[in-house]
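The structure is shown below.

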Amino acid sequence: MNSAEFVKSLKEKYFGNNYEKLDSIKASYPSIGTKSFSILTKDWAMGELWHAEDAASQALRFKVEDDIKVALFEQSWEEANHFQLLAQFVRARGEKFDIDEWYNEVVINAPEWRAIYDYNPNDPVLYFAARNFAGETVGDYWMRKVADLPGLDEKFRDEAVLPQIEDEGKHAPLGSRVLERYCSTEENQRKAELGVKIGLANNAKGVAAMLRHAGIE
Ligand SMILES: [Fe+2]
Ligand SMILES: [Fe+2]
């Protein structure tokens, strides 16, 4: 199978034709109390910050072509911006948000959320399969579900969620682009599939942990 056919089949196998295989991902926000809203938003913000850090450090160390390095740096900048959008929203509500304290809070009480960001393999095929191809697809899908929730605070939707969805649409295609370039061998195709499984497992557990942390489940 050539790499383009392989990536297409990987997408269908793990996401479904209309992403219906990701439908078990739960989104929540309206009808939850202020405390839950705050925890969920802080956890989300931290995820954006951690992804910004990972993308920049992987861009520095991966031996990949220049355009992929630059795309990862761009992603890093965008994820850092997403952190700021969410953090500003939390702080504008008059809440304290100390990122060092919140790091420890997540490590203790929602470690599976942090685990998504601890997966930084040295191999670019594994990394992009897990973090972009699978992880960003889940992230993008989850945010679209959040944006569609009836009763969601409009200011939050317009100022914190929609600008992120616009950017996230670029990060998952970066995963496809890298896999299409590198997955011409059976060995890399096997690695890519493993990366997708890890990414989907980490993200499913991570989102569930984040919701539990906010007291939603
Ligand atoms: Fe983001
Ligand atoms: Fe992203």
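H6 and H8 pack at an angle of about 40°, with their axes 7 Å apart. Helices here are DSSP runs of H or I with at least four residues, numbered from the N terminus. Axes are lines fitted to C-alpha atoms over the stretch in contact, and angles run from 0 to 180 degrees between N-to-C directions. At this angle H6 is oblique to H8, the class left over once angles under 35 degrees count as roughly parallel, over 145 as roughly antiparallel and 65 to 115 as roughly perpendicular. The crossing of H6 and H8 is right-handed; that is, the near helix is turned clockwise from the far one by less than a right angle.

The model is predicted: local features need pLDDT of at least 70, side-chain atom pairs count only at pLDDT 80 or more, and totals for chains, interfaces and linings use all residues. Residues are numbered from 1 along each chain as its sequence is written, and chains are lettered from A and ligands numbered from 1 in the order in which they are written.

On the H6 side, the residues that meet H8 include Val125, Ala129, Phe133, Ala134, Val138 and Trp142. Their partners in H8 include Ala192, Val196, Leu200, Asn203 and Val207. By class, this contact of H6 with H8 has 14 nonpolar, 5 polar and 2 charged residues. Ala, Val, Leu, Ile, Met, Phe, Trp, Tyr, Cys and Pro count as nonpolar, Asp, Glu, Lys and Arg as charged, and the others, Gly among them, as polar.

H1 also packs on H8, with an angle of about 30° and axes 11 Å apart, which makes H1 roughly parallel to H8. H1 passes H8 in a right-handed crossing. Phe6, Leu10 and Tyr14 in H1 meet residues of H8 that include Ala192, Val196 and Leu200. The contact of H1 with H8 divides into 6 nonpolar, 1 polar and 1 charged residues.

The largest nonpolar core has 51 residues, of which Val125, Ala129, Leu179, Val196 and Met210 touch the most other members. Such a core is a set of buried Ala, Val, Leu, Ile, Met, Phe, Trp, Tyr and Cys residues joined through C-beta atoms within 7 Å. Among the elements giving two or more residues to this core are H1 (3-15), H7 (154-182) and H8 (186-213). The largest share, 10 residues, comes from H6. Leu179 is in contact with Val7, Val125, Phe128, Ala129, Phe133 and Ala192, leaving aside neighbours within four places in sequence; contact requires C-beta atoms, placed from the backbone, within 7 Å.

| Residue | Other C-beta atoms within 10 Å | Class |
|---|---|---|
| Asn132 | 28 | buried |
| Ala134 | 27 | buried |

A residue is buried if 20 or more other C-beta atoms lie within 10 Å of its own, exposed if 12 or fewer, and partly exposed in between, with C-beta atoms placed from the backbone. Beyond neighbours within four places in sequence, Asn132 is in contact with His171, Ala172, Leu174 and Gly175.

Tyr19 lies in the loop between H1 and H2. Tyr19 has a positive phi of about 65° although it is not a glycine. With 16 C-beta neighbours inside 10 Å, Tyr19 counts as partly exposed.

Technical notes. Contact = placed C-beta atoms within 7 Å.
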